[in-house]
Amino acid sequence: MNKKDSDIIGSTNNNIHLDLENNKEKHKNNNSKFTKKLLFFDFLMLIFIFAGVFLIRKSLSLNSAQNITFKESSNLNYNVKLKANEFYEDESLGKGRVYIASLIDKVDINFNYLFEVDRNSYLNFEYDIIGKLVITDNNDNSKIIFDKEYTLLKNTKEEINNSNYYKINKDISIDYDYYNSLANKFRIKYGLDAACNLIVYLNIHKTNDNKNRYILNDNSAMSLTIPLSKKAINITMDYKEVNKTSKLIREKELKVNSKLKMTLGIISMILGLFFAYKYIKMLLKLRVKRSKYDKYIRRILNEYDRLIVETSTPPTLKGNNIIKIKKFQELLDVRDNLRLPIKYYIISNHKESYFYITHDDEIYLYAAKSSDFDQNG
């Protein structure tokens, strides 16, 4: 080998050595930057998500299920106003007496109702007062001959807002002669031996508002029965009041205690999700789509796996004679002649790798580069 050839080989060895060192350093720097960026996004993602969860949990409180107690009580009172007469000095008589039918002018009824619950609530109340004329068989009151309802007070709707009680206090005046005449006319016309009554109802329907964490849907009624078409000595009053205590179950309640903490928590969660998106996006970059270069390397490794040894140590180029091989098949011929293993070293993932055989001070080197495959289409 003359001096000129020796200089060319030495220059080639130096160039390959420099390329290898440059590629290693570049790959190392790129990997370092990528890793740092990935860890940075991972750190921010975890910090903001944990901060968001912490703040949102601190802003909320969960109240366990509880029993809700409500109480209804009522007081039904009435006075019987009398027509002018020579016997009674008073214009009206109180309840619990016997009344002469021919002297009754009006029956004034007072409905007094109180609803109490053991905590402030939002409730809706509807009520009306109905007079029901009922004519039944005198021997069996369950057998109704005729009945008809008269609206004495139209349906009224009221609400209680953040309160623990509700009260109804209503007065209604019954024209006794009007309903007594109707009953007498019906009974006499058809010659019936019938029992006639006017039943006056205060109907109350109560429901809970959506703001409550319990369900209430209940009806109550107060009633007063006024006998009709009777002789004086037989006129009595019969009334029924409401007086009961009930329990409801309050559902578990999730309540926001701090709007500031909730707002900061939501903002932190949004930032955390943003950095999670960045983190996942970078992870997906690691899943590089298999290129022609990758397929080629994979085919070589699969087909000649018994002949190839993967190494983590790069070839020692300094002081050795580098013989560059253009095709892998030529390297196989060298291997067959020398009976030495082919070593495989990755310069840069998905970019460049070396297949080489070392023999004494010679290195038979085949460099596979992704750029060569891109240029060849």
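Predicted model: local features only at pLDDT ≥ 70, side-chain atom pairs only at ≥ 80, totals over all residues.
Me: Where is the place of Asn184?

Reply: Asn184 sits in helix H2. Helices here are DSSP runs of H or I with at least four residues, strands are runs of E with at least two, and both are numbered from the N terminus. Residues are numbered from 1 along each chain as its sequence is written, and side-chain values use heavy atoms, with hydrogens and water left out.

Me: What does the protein average in pLDDT?

Reply: pLDDT is the predictor's confidence in each residue, from 0 to 100. The average for this protein is a pLDDT of 83, and 84% of the residues score at least 70. Over residues 1-13 the pLDDT is below 50, and this stretch has eight contacts in the model beyond near neighbours in sequence. A contact means heavy atoms within 4.5 Å.

Me: How many helices and strands does the protein have?

Reply: There are six helices and 15 strands. Among contacts with a separation of 6 or more, 74% are between residues 24 or more positions apart.

Me: Back to Asn184: is it buried, partly exposed or exposed?

Reply: Those words come from relative accessible area: buried means under 20%, exposed over 50%, and partly exposed in between, using a 1.4 Å probe and protein chains only. Asn184 has a relative accessible area of 22%, so it is partly exposed. Across the 377 residues of the protein, 34% count as buried.

Me: Which side chain does a polar contact join to that of Asn184?

Reply: A polar contact is a pair of N or O atoms within 3.5 Å; within protein, one must be able to donate a hydrogen and the other to accept it, and residues adjacent in sequence count only if both atoms are side-chain atoms. The side chain of Asn184 makes such a contact, of 2.4 Å, with the side chain of Ser229.

Me: How should I read helix H2 as a whole, and which of its residues are buried?

Reply: Start with its length. The expected span of a helix is 1.5 Å times one less than its number of residues. H2 covers residues 176-189, which is 14 residues, and reaches 20 Å from its first C-alpha to its last, close to the 20 Å expected. Its buried residues are Tyr176, Tyr179, Asn180 and Ala183. They lie on the same side of H2 because they cover an arc of only 100° around the axis, where the arc is that of the directions from the helix axis to the C-beta atoms. On the other side of H2, you will find Lys185, Ile188 and Lys189 exposed.

Me: Which strands do the buried residues of H2 pack against?

Reply: They pack against strands S4 (104-137), S5 (140-175), S6 (194-208) and S7 (217-228). Just after H2 comes Gly191, with a positive phi of about 60°.

Me: Which residues touch the most other members of the largest nonpolar core?

Reply: In soluble globular proteins, nonpolar side chains tend to be buried together. A nonpolar core is a set of buried Ala, Val, Leu, Ile, Met, Phe, Trp, Tyr and Cys residues joined through side-chain atoms within 4.5 Å. The largest one here has 44 residues, and Ile109, Phe111 and Phe115 touch the most other members. S4 gives the largest share of this core, 13 residues. Ile109 touches, among others, Leu76, Ile172, Val200 and Leu224, not counting residues up to four places away in sequence. A second, separate core has 19 residues, including Tyr293 and Leu332.

Me: Where is Ser59 found, and is it buried or exposed?

Reply: Ser59 is in helix H1, residues 3-59. With a relative accessible area of 0%, Ser59 is buried. A polar atom of its side chain lies 2.7 Å from the backbone oxygen of Ile56. Leaving aside neighbours within four places in sequence, the contacts of Ser59 include Lys255 and Met262.

Me: What is the phi of Asn162?

Reply: Phi of Asn162 is near 55°, a positive value in a residue other than glycine. Asn162 belongs to strand S5, and at 44% relative accessibility it counts as partly exposed.
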